[in-house]
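Reader: I'd like to go through this model with you, one question at a time. Can you put it up first?

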Amino acid sequence: MTDLATFTLAIVGAGPRGAGVLERLSANAPELLGGRRLVVHLIDPFPPGAGRVWRYEQSPLLRMNSMPEDVTVFTDDSVLIEGPVRPGPSLIEWVRQVRDGRIGWDVPAGLRAELESLASTDFPTRRLQSLYLTWFYRKVLAELPPGIEVVEHRAAAVRVEDGPPQRVWLADVEEPVVADAVVFTVGHLDALPDPAERVLQDFAERHDLAYYPAGYTADVDYSAVPPGEPVLVRGFGLAFVDLMLLLTEGRGGRFEELPGGGLRYHPSGAEPVLHVGSRRGVPYHAKTGYRLRGKPLQLPRFFDSYAIGKLGERPGPLDFRADVWPLIAKELAWAYYTELFTGHPDRVRTDFAVFADSFADTGWGTSEMDALIAAAVPDAEDRLDLEKLDRPLAGKHYDSAEEFGKVVREYVEADLARRADVRHSADLGAFMALLSVVGQLPALLVTGRLSAASQVSEMDGWFHGFFSYYASGPPPRRLEELLALADAGLVSFLGAETLVRADEEAGAFAASSASFPETVTARTLIEARLPEPSIPRAADELLRQMRVAGLLSEETVPDPSGDHLPSGRIATRIKDSRLLDATGAVHSHRFAMGPHTSIRSAGAFTRPRTNAVSFRQNDALAREILKLVSVYDG
């Protein structure tokens, strides 16, 4: 009997997603490998397991925006997959097991104090998460079944040649990796400046100004930002929070805990003065600091596979805001009111079972629903107002920047108080429903019924922004630091609907907003946000080469009416993550997975016991690859 041929797989990107696919390959191999041999080449210039974003070598000031009890890289029995479940410790469980010696792990001196004191509701440093991810990867390696071998390549992939077999060329390496199949586990992609950014870049060059286009904050060199000078910052999300810390505490300042609560900032003198604005004009909501008190949430309830199937049966294209959002909003409200009624029954007038029956039979956004909620929830502050949540400053105008600054401070203080007070745990219910909704969206995409314009501008644009603003905000401490920096005169607020322009006459950048009439000018402008997905503008050498060679293409979102719109994402077949080439043909042995692909997978870590879509995607992809291996004859 002759030996079976060896199948080679290249995984380009060895961060959490790449390591997760490897774990699923290992878990499914006993069933599907069939005695064959699989060699997996992991290709990444950054450390495997952690990857670029979670590498250990980054500022110790940068933290996760998730609590360690809410982070896991292991499947559990809530995950509906074909492959076997292989449970393991969440981040906080791992920390505890390292502390008590059940897991032997060399913890660097700079992290020992954090590891010893970390509580389940703290927000760990990214460097501590890096250790967890590195341990996970090494655990996967140690438990590989017979027949699977892993080869690490600490280099960037720069070119792919079609096959069979395919050849993946690496930077500064003479010989390519020869692979029967290739998987690209891509995170958020860097992009070259878009046309509007190029205008600002050209303006900056002509007037000797500084312009920083959108990029991942931890990778941008801001050392040239001058101390003491005003800096315009566009973006008020997590990228701004990182920037704020790097340009203040990262430059030698320090925060002091005040006896009565709150913080005072002591400047080093090396800080710039940050003027920050965005569409909403306020920062993302702080993460909650409490757990649910009421009965377990039944999710999904109104935005489930049945509801999505019914949407797919409707004639004509679907509009996200008109057809899909009412179901999503009802899902959020269902979880919100489930927690309010069962966790805080003293604040409602009706038995939950009675309310739930009427709620289920009533359409969202109708006068009947408004009347039902008003009758059952006496305090208007306890009612879920999604429009106010989305645009808290819409239509509001103030006489001065100073007056507006007081409004933002009050807003942030109220947000911190609400997110720390378990009386408002219904907010966490809505948060959990948002996570459920994101897990259901891939099924909506499979129907192909969303209009192209609606998918690109409303689902990818508006809804993604709302999700990030409500559910993906910073730890509360970061907003306390924001207030302290505002008190110290190092942060001020530009307002909602911030507009930045190149002022040729002044030779500077100028910012104004819809919130107050004043204009702020500065010689430095920073875009505090990740780039939008854009395959045509991808900064990555490999993706550029593949696009030019026709080996991948930009997703064009089909419209039932016949229209197509480019989304900027890597075109993949949603059901199995296979890459589409420039002709639209599906490549049987080339795959891509990540937030900037057609599948639009989440970029966040998984909460335990949530049937996470990322685990389901990883398992399905691993099984698809192993089926290729099982029939491979060389």
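This is a predicted model: local features need pLDDT of at least 70, side-chain atom pairs count only at pLDDT 80 or more; totals for chains, interfaces and linings use all residues.

Author: Residues are numbered from 1 along each chain as its sequence is written, and side-chain values use heavy atoms, leaving out hydrogens and water.

Reader: Which residues does S26 touch, leaving out those up to four places away in sequence?

Author: S26 sits in helix α1, residues 16-32; helices are DSSP runs of H or I with at least four residues, and strands are E runs of at least two, numbered from the N terminus. Contact means heavy atoms within 4.5 Å. By that count, S26 touches R86, E143, L144, P145 and I148.

Reader: At what angle do the axes of α2 and α4 cross?

Author: Axes are lines fitted to C-alpha atoms over the stretch in contact, with angles from 0 to 180 degrees between N-to-C directions. Helix α2 (91-99) and helix α4 (126-142) have axes that come within 11 Å and cross at roughly 85°.

Reader: What is the bridge partner of Q166 in β6?

Author: Strand β5, residues 166-170, pairs with β6 in the antiparallel sense over three bridges. Strands pair if DSSP finds at least two bridges between them. For Q166, the partner in β6 is A179.
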